[in-house]
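I opened my notebook to look up a few things in this structure. Come and read along with me.

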Amino acid sequence: MSQLIVSDLTKTVGDKTLFKTISFTITQGDRIGLIGVNGTGKSTLLSIIAGDLYADQGTFDHPNDYRIVHLPQDPELDPEQTVLQTVFAGDSPLIRLNREYEVALNALSSDPDSTVAQERFAVLQNRMDSEGGWDLNARAKMILSKLGLPDADAKTGTLSGGQRKRAALAHVLLEPADLLLLDEPTNHLDVRSIEWLQDYLKQLGSSLIFITHDRYFLDAVSTHIYELADRTLYSHRGTYSDFLEAKALRLEQAAATREKDRNRYRNELKWIRRGAKARSTKQKARIGRFEELSDKVKTEQEQDPLDLALMTTRLGKKVLEGDHVTKRYGERAIIDDFSFLLQGGDRVAVIGPNGAGKSTLVNLLAGSVDPDGGEILKGETVRIAHFTQHLPQMNEGQRIIEYVTEASNDIARQDGARYSAVQMLEQFLFPSNVHGTLIGKLSGGERKRLYLLRLLIEQPNVLLLDEPTNDLDLETLSVLESFIDTFPGVVVTISHDRFFLDRTSRKLWILDGSGLVKQELGIYSDYLEKAGAEPVAASAKTDKTKETEVEKPKKKKMTLGEKKEWEEIPGRIESVEQAIMAAEEELSGAGADYGKVSEISGRLDELNAEYEALIERWSHLEELAGSL
């Protein structure tokens with residue numbers, strides 16, 4: 001049985017020690033969920049294990065042929081390679097064979113009369129038969145389909161950020177490995193893909209360490225939990241639920257110990273106040289013990305939790321009202337004739353497949369995108385905070401405390417009490433010793449947490465959250481959920497995180513990709529169970545459809561309109577690509593102009609949705625053309 005034994009591992013970045021002399025052993029079949037507050041070094045630990053970063057000290061012991069495969073949080077891919085070439089980019093014999101076969105197939109397709117191409121293809125086809133290459137080829141295409149990447153010939157440079165992450169994940173899942181390291185693998189996956197992935201990982205024989213914010217996924221997959229905290233690695237055997245139960249018991253025992261210390265302290269204090277004379281050796285020792293106990297009680301003194309029931313501007317009966325709202329990209333309806341009424345206390349989850357228009361709908365609510373038809377009416381007292389997928393550019397030379405106090409240093413609570421920016425920072429897991437840290441030294445997750453805090457202390461009464469759980473740690477999500485519990489305003493959330501939606505939403509807006517928005521009352525998991533774990537079954541292609549559509553009779557003729565569209569669509573795709581690149585360049589130069597950043601980010605969401613729709617339409621027309 002293969003093992004990886006890590007001993008006395010230490011890593012310091014700048015003046016911050018992430019972990020010190022930690023040790024652990026990974027045995028074949030272990031599936032380890034790695035958790036901890038953003039900035040504690042989770043991604044750094046995976047990169048060190050993968051050999052992408054050096055540790056300050058530590059030893060690794062494993063067999064010579066031990067293979068480690070790593071999916072980083074932001075993978076770098078060759079933009080000129082196709083999706084399939086990316087998947088077959090490994091160095092195992094079967095993967096090399098499949099890569100050579102795909103190259104030969106493309107060469108033969110380009111020049112079917114070439115004798116050299118025919119002979120090369122025949123040789124590789126025979127090798128695929130004799131060496132079992134077809135099973136791997138079929139598995140690669142199945143993985144791509146399950147992850148929502150049906151166009152295996154698309155170049156990765158034309159993909160969105162989420163699609164590139166999925167292509168990198170497919171590559172990692174196909175690689176033979178003793179240990180898989182997955183950093184946020186569920187980001188950019190819809191619910192069907194997440195559920196497929198958790199089942200796939202449970203069937204693998206290899207070991208696994210993964211970082212995720214998805215608590216249902218964490219609980220379903222993990223056999224162990226590793227927690228990074230206080231520069232130490234804590235190991236727990238069992239699922240995430242087992243870990244939470246054990247942690248609650250430890251906290252309960254620690255609280256009982258603290259209470260005993262306080263009782264002893266009170267008794268000793270009475271003795272001291274009676275005028276204890278430090279003459280005898282015993283009395284001196286007792287006074288010394290009292291002083292030690294006093295220090296211990298002060299250190300263990302629990303800080304009262306900050307009540308997050310913050311003051312907001314009073315809302316009227318009508319917060320946001322949509323009257324026959326329509327939004328289109330070209331001929332495609334993203335939102336079609338949608339009417340709604342949002343009132344104080346509403347908690348709405350916006351769900352649907354990737355590319356269905358969820359971000360566009362939230363951008364319409366935020367006012368960063370205008371509808372093509374109908375109108376959205378906003379109450380006079382409405383103050384909107386829009387947490388977008390794209391983090392606005394931050395001044396990396398600014399300190400954390402300065403960034404927060406720019407928004408406010410006097411935050412009112414509903415009962416009239418007031419809190420400072422320092423208190424709010426501590427509640428959002430930024431202890432006082434880091435308040436002077438430069439933003440440029442924060443991890444990506446820490447920046448997201450800081451940005452979220454700034455939005456909340458501006459005291460909005462409408463929260464629009466677009467994938468808020470991506471890259472945030474579990475403790476921050478718990479703080480955000482507690483905030484939403486006491487928030488008197490409206491919360492509209494886009495997320496694939498089932499736990500977060502179950503915890504925070506009671507109304508569903510369901511987009512099917514054709515423009516239809518259906519409204520239902522209920523909890524997300526109940527809806528998924530009722531819908532057969534398919535969030536939108538109406539028009540979104542299911543995997544079953546994709547797998548069986550090759551058996552359907554193909555259309556033999558293109559209409560004149562389809563032929564003209566097929567000839568024109570590459571130019572339209574190229575125009576949108578150019579617009580996306582221009583918008584991304586404009587975004588990078590927007591600096592701290594948050595209004596401009598919000599406007600550009602909204603435009604980018606629209607362009608990416610239009611691009612995905614064009615690619616899907618082009619693929620369909622290409623199939624029709626190929627059947628002629």
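Entry 1: I started at His324, which is found in strand E10 (residues 320–329). Helices (H or I, at least four residues) and strands (E, at least two) are DSSP runs, numbered from the N terminus. Phi of His324 is near 50°, a positive value in a residue other than glycine. Most residues other than glycine have a negative phi. His324 counts as partly exposed because its relative accessibility is 45%; buried means under 20% relative accessible area, exposed over 50%, and partly exposed in between (1.4 Å probe, protein chains only). I then turned to Asp337 in strand E11 (residues 332–342). Its phi is near 55°, again positive in a residue other than glycine, and Asp337 is partly exposed at 46%.

**Entry 2: ground rules.** I noted that this is a predicted model, where local features need pLDDT of at least 70, side-chain atom pairs count only at pLDDT 80 or more, and totals for chains, interfaces and linings use all residues. Residues are numbered from 1 along each chain as its sequence is written, and side-chain values use heavy atoms, with hydrogens and water left out.

**Entry 3: a sheet.** I found 6 strands forming an open sheet in the order E5-E6-E7-E3-E8-E9, with mixed pairing; two strands pair if DSSP finds at least two bridges between them. The edge strands, E5 (68–71) and E9 (232–237), each pair on one side only. Strands E3 (residues 31–35) and E8 (residues 224–229) pair in the parallel sense over 4 bridges, and Ile32 stands opposite His224 in E8.

**Entry 4: two helices.** How do H3 and H5 cross? The axes of H3 (residues 93–110) and H5 (residues 133–146) come within 9 Å and cross at roughly 80°. Axes are lines fitted to C-alpha atoms, for helices over the stretch in contact, and angles run from 0 to 180 degrees between N-to-C directions. That makes H3 roughly perpendicular to H5, a label for 65 to 115 degrees (under 35 is roughly parallel, over 145 roughly antiparallel, the rest oblique). Among the residues that meet are Leu94 and Tyr101 in H3, and Trp134 and Lys141 in H5; contact means heavy atoms within 4.5 Å.

**Entry 5: the cores.** I looked up the largest nonpolar core, which has 74 residues, with Leu201 and Leu450 having the most contacts inside it. Such a core is a set of buried Ala, Val, Leu, Ile, Met, Phe, Trp, Tyr and Cys residues joined through side-chain atoms within 4.5 Å. Another core of 27 residues lies apart from it, including Phe338 and Val362.
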